[in-house]
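Visitor: I have a few minutes for this model. Can you walk me through it?
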Amino acid sequence: MGQDIGEQAISFLRCLEAHDFAGCRAMCTGGATVWQNDGRGARTIDATLQRFEAFAADVDTLRYDVIRQFRNTNEVLQQQVLHLSAADGSESRVHAAVCFRFEDDGLIDRIEEYVYEVPKAKTP
């Protein structure tokens, strides 16, 4: 693998922040899947990116903070917080534990995401 997989996982998040969905897709295998704890089962990376793109269209800013990260040979497990700001001034945070699995070619083959949204109170 070329790039360190921990850095690769963070690069994927930076592409999401920049709305570079083609860049995200290029970091994944052709059959990459994403599972989230929303009860809907695994989806293709393409369906997930389309869903995220529609979600991000309604958000002014989004920023990921990686709190901690653990790596082994082909997986990265990280705790992260997604900070969201909307046009109306509302803010929220989405806490998540995310596991990225990489294939030998350094591409992401599976993402598993356990999320919990924490609304942030508006300041008067």
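Predicted model: local features only at pLDDT ≥ 70, side-chain atom pairs only at ≥ 80, totals over all residues.
Guide: One term to begin with: buried means under 20% relative accessible area, exposed over 50%, and partly exposed in between, with a 1.4 Å probe and protein chains only.

Visitor: Good. Then Arg43: buried or exposed?
Guide: Arg43 counts as buried because its relative accessibility is 14%. Arg43 is found in strand E2, residues 42–44. Strands (E, at least two residues) and helices (H or I, at least four) are DSSP runs, numbered from the N terminus.

Visitor: What does Arg43 touch?
Guide: Ala32, Thr33, Val34, Gln36, Asp38, Thr48 and Arg51, leaving out residues up to four places away in sequence. Contact means heavy atoms within 4.5 Å.

Visitor: What is the mean pLDDT of the protein chain?
Guide: The mean is 91, and 94% of the residues reach 70 or more. pLDDT is the predictor's confidence in each residue, from 0 to 100. Confidence is lowest in E6, at a mean of 87, and highest in H2, at 97.

Visitor: New topic. What is the volume of the largest pocket?
Guide: About 600 Å³. Of its 26 lining residues, Gln36, Phe52, Tyr64, Glu113 and Val115 are the closest to the centre. On a 1 Å grid over the protein atoms alone, a pocket is an open set of points where a 1.4 Å probe fits, with protein on both sides within 12 Å along at least five of seven lines; lining residues have an atom within 4 Å of a point. The volume is the space filled by probe spheres set on the points, which are joined across faces, edges and corners.

Visitor: Which element gives the most to the lining?
Guide: H3, with six residues. The lining divides into 18 nonpolar, four polar and four charged residues. Here Ala, Val, Leu, Ile, Met, Phe, Trp, Tyr, Cys and Pro count as nonpolar, Asp, Glu, Lys and Arg as charged, and the others, Gly among them, as polar.

Visitor: And the largest nonpolar core: which residues touch the most other members?
Guide: Phe12, Leu16, Ile45, Leu62, Phe100 and Ile111, out of 29 residues. H1 gives the most to this core, with six residues. Such a core is a set of buried Ala, Val, Leu, Ile, Met, Phe, Trp, Tyr and Cys residues joined through side-chain atoms within 4.5 Å.

Visitor: What is Leu62 in contact with?
Guide: Beyond its neighbours within four places in sequence, Leu62 is in contact with Leu16, Glu17, His19, Phe52, Ala56, Leu82, His83 and Leu84.

Visitor: Where is His19?
Guide: In the loop between H1 and H2. His19 has a positive phi of about 60 degrees, although it is not a glycine. His19 counts as partly exposed because its relative accessibility is 38%.

Visitor: Last one, Gln80. Why does it count as buried?
Guide: Because Gln80 has 3% relative accessibility. Gln80 sits in strand E4. Its contacts include Tyr64, Asp65 and Glu113. The C-alpha atoms of Gln80 and Asp65 are 5.5 Å apart.

Note on methods. Residues numbered from 1 in each chain as written. Heavy atoms only, no water.
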